[in-house]
Amino acid sequence: MSILIKNGHVIYGENFEVVKADVLIEGNRVVKVAKEINEAADTVIDAKGKVVSPGFVNLHTHSPMGLFRGLADDLPLMDWLQNHIWPREAKLTREYTKVGAYLGALEMIKTGTTAFLDMYFFMDAVAEVVEESGLRGYLSYGMIDLGDPEKTGKEIKEALHTMEFIEKLNSERVHFVFGPHAPYTCSIALLKEVRKLANEHGKLITIHVSETMAEIGQITERYGKSPVVLLDEVGFLGNDVIIAHGVWLDSRDIQILARNGVTVAHNPASNMKLASGVMPLQRLLNAGVNVGLGTDGSASNNNLDMLDEMKLAALLHKVHNLDPTVADSKTVFRMATLNGAKALRLKAGVIKEGYLADIVIVDFNRPHLRPINNVISHLVYSASGSDVETTIVDGKILMLDREVLTLDEEKIIDAAEKTIEKLA
Ligand SMILES: CSC[C@H]1O[C@@H](n2cnc3c(O)ncnc32)[C@H](O)[C@@H]1O
Ligand SMILES: [Zn+2]
């Protein structure tokens, strides 16, 4: 199958240069970007007045948590988790989680996310949803053993069961990732076993690290060192590790992350909403750390809109540093696209010949996106997810003119309402 996108403002290559061009997709790859392409294609899309952008990579989320949207707002992390979220999650079944995953997938397609890194429960069900939706999903079963050796074994077994399930799908778009929840919920034994298994199976690892001051306090009290130093000393870190948050990092932590090639997934909305703190973006980037962007779950954000997230990232770091030159629009756009793709070892995140065709078309024929003085600026500061008109993943159209082609929108929204009634 081939798709020809004509007359768009194309964000081209690693430098995100904006050119008026046509884009030809054959199979799952971009094969040609040129001023005018006149070859025949199965589908032709006219993108006049529109922007053809790399799809967004959500580098940290809990996709089914949309079910809990708005149910526990305005709380700090530990209170939010222990007293509001975990009791609700204890009632989740595979069926309910799947409904949440459908809602998350629908929201991501509608707001231009093409790939995401997820951590949650019942990830076999989430994998089925990802496969059906056409998205690219990197899925981890979130392991929590709370230092109980019996639980360690059970959690590892569940993770391996999820890995087997995903491997059997034999999908190029659905991948398994190891997901120990955090240093404060996982034993050293669990973390060491995860490192060993990730090496054995060649899988990525994702984990929440240094999110709040409370976490730093707990880990320092328990181990006498910071979470990052702890993870380094037990041999857990590597260039296959993506840590979520990384808010409370000192200079030594940052050097350790850089030395190990660790990626940090920045979640500005969640960090602001839970009042966790401000990630040291400038210091991380200056140290050469790869930083991507994530939304976290919809119960702490409260949506999965990566365009919103880019604006929040840019504004947060400007005001925090009292410096408007910090987190410029291109830097933030790169975090939301190429840096995320790099972390997932995905040949995507840019539009260029040979790269995966994970592309979105954003409708700029709208007053808040005119005049088209600066495409990247408009995407970061002026657009929102609802401006995304077409979403293409792996060379397949998932949404055209805002109609989702792979999922039944009405059915999913209805099921979400019914599920939360049952859960309440
Ligand atoms: C064990 S599955 C994932 C687990 O993580 C919880 N969660 C959601 N957001 C956060 C966050 O910001 N920090 C730590 N944990 C978080 C989610 O509710 C699941 O229980
Ligand atoms: Zn999280």
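Leu344 is buried, at a relative accessible area of 3%, where buried means under 20%, exposed over 50% and partly exposed in between, using a 1.4 Å probe and protein chains only.

A bit of housekeeping before moving on. This is a predicted model, so local features need pLDDT of at least 70 and side-chain atom pairs count only at pLDDT 80 or more, while totals for chains, interfaces and linings use all residues. Residues are numbered from 1 along each chain as its sequence is written, chains are lettered from A and ligands numbered from 1 in the order in which they are written, and side-chain values use heavy atoms, with hydrogens and water left out.

**Next: the zinc ion**

Select ligand 2, the zinc ion, and its protein donors: His60 (NE2), His62 (NE2), His208 (NE2) and Asp296 (OD), 2.0 to 2.3 Å away. Donors here are N, O and S atoms within 2.8 Å of the metal (3.2 Å for Na, K and Ca), and since water is not among the atoms, sites may look incomplete. Along the chain, the donors follow the spacing H-x1-H-x145-H-x87-D. His60 lies in strand E6 (residues 56-61) and Asp296 in the loop between E13 (290-293) and H11 (306-321), so this pair ties together parts 236 residues apart in sequence. Both His60 and Asp296 are buried.

**Then: the cores**

Now pick Trp80, Phe178, Phe236 and Leu379, the residues with the most contacts inside the largest nonpolar core, which has 110 residues. Such a core is a set of buried Ala, Val, Leu, Ile, Met, Phe, Trp, Tyr and Cys residues joined through side-chain atoms within 4.5 Å. Helix H2 (residues 94-110) gives the largest share, nine residues. Apart from this core lies another, of 17 residues, among them Ile5, Val33, Ile392 and Ile397.

**Last stop: helix H13**

Is H13 (residues 375-382) enclosed or open? Six of its eight residues are buried, so H13 is largely enclosed by the rest of the structure. Colour Val375, Ile376, Ser377, His378, Leu379 and Val380 to see the buried ones. Their cover includes strands E1 (2-12), E2 (17-26), E5 (50-54) and E14 (359-363), plus helices H11 and H12 (329-343).

Key: Helices (H or I, at least four residues) and strands (E, at least two) are DSSP runs, numbered from the N terminus. Contact means heavy atoms within 4.5 Å.
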